[in-house]
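This briefing is meant to be read with the sequence and the coordinates side by side.

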Amino acid sequence: QVHLVESGGGLVQAGDSLTLSCAASGRTFSRYAMGWFRQASGKEREFVAAISYSGSSTDYADFVKGRFTISRDNAKNTVYLQMNSLKPEDTAVYYCAAAEKFGWNSWEYDYWGQGTQVTVSS
């Protein structure tokens, strides 16, 4: 089993940037594809971005393309989400998750972090 811990969330203003980190421990991190999801208050959880185990393939939700970048450092057992040009509608709890294969659906992910709050003021 892999244990995931997100960090880096906070309160920012619209247009600002923020980088989230997800530190993994337990199993071999490099064996897992990683994803970022978010859930706003009263809303359903939605896909944000994913990255393959090697980092060679990435995918993004339409609403973050051109603004967010997912990356990973397998030597540090960490995945990142660089968020630029943040908007108030980006406000949500952000979760990282690990899967045995690259995917876009919550059910494909086996392990989840506790989440980190991102709040963007207008």
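Where is the place of Gly8? In this predicted model, Gly8 sits in the loop between β1 and β2, the latter strand covering 10–13.

**Gly8 and its surroundings**

- Once its neighbours within four places in sequence are set aside, Gly8 is in contact with Leu18, Thr19, Leu20 and Thr116.
- Gly8 and Glu100 are 92 residues apart along the chain, and a distance of 25 Å separates their C-alpha atoms.

**The chain as a whole**

- The chain contains 11 strands and zero helices, so that, read from the N terminus on, its elements run β-β-β-β-β-β-β-β-β-β-β.
- The radius of gyration is 13 Å, close to the 14 Å that the globule rule gives for 122 residues, and the chain is therefore as compact as a globular protein of that length.
- Along its principal axes, the C-alpha trace spans about 40 × 25 × 25 Å.
- Of the 122 residues in the chain, 42% count as buried, while the accessible surface comes to about 6,200 Å², with 45% of it belonging to carbon and sulfur atoms.
- Among the contacts with a separation of 6 or more, 57% are accounted for by residues 24 or more positions apart.
- The chain carries 11 positive and 12 negative side chains, and the centres of these two sets lie 3 Å apart.

**The nonpolar core**

- The largest nonpolar core has 36 residues, and those with the most contacts inside it are Leu4, Met34, Trp36, Leu81, Met83 and Tyr94.
- At least two residues of this core come from each of β1 (2–7), β3 (18–26), β4 (33–39), β5 (46–51), β7 (68–73), β8 (78–83), β9 (92–99) and β11 (116–121), and β9 gives the most, with six residues.
- Met83, leaving aside neighbours within four places in sequence, is in contact with Asp16, Ser17, Leu18, Leu20, Arg67, Phe68, Tyr94 and Val118.

**Phe47 in strand β5**

- Phe47 lies in strand β5, and because its relative accessible area is 13%, under the 20% limit, Phe47 is classed as buried.
- Beyond its neighbours within four places in sequence, Phe47 is in contact with Trp36, Phe37, Asp59, Tyr60, Ala61, Phe63, Gly103 and Trp104.
- The C-alpha atoms of Phe47 and Ser7 are separated by 18 Å, the two residues being 40 residues apart along the chain.

- Asn77, in the loop between β7 and β8, has a positive phi of about 55° although it is not a glycine.
- The relative accessibility of Asn77 is 28%, which means that Asn77 counts as partly exposed, between the 20% and 50% limits.
- Ser85, in the loop between β8 and β9, is a residue other than glycine whose phi is positive, near 50°.
- Ser85 has a relative accessible area of 40%, so it too falls between those limits and is partly exposed.

Notes. Residues numbered from 1 in each chain as written. Predicted model: local features only at pLDDT ≥ 70, side-chain atom pairs only at ≥ 80, totals over all residues. Heavy atoms only, no water. Core = buried A, V, L, I, M, F, W, Y, C linked by side-chain atoms within 4.5 Å. Buried < 20%, exposed > 50% of the residue type's maximum accessible area, 1.4 Å probe, protein only. Helix = DSSP H or I, 4+ residues; strand = E, 2+ residues; numbered from the N terminus. Contact = heavy atoms within 4.5 Å. Rg over C-alpha atoms; globule rule 2.2 N^0.38 Å. Areas by Shrake-Rupley, 256 points an atom, 1.4 Å probe, with all protein chains shown as cover. Lys, Arg positive; Asp, Glu negative; His and termini not counted. Charge placed at Lys NZ, Arg CZ, Asp CG, Glu CD.
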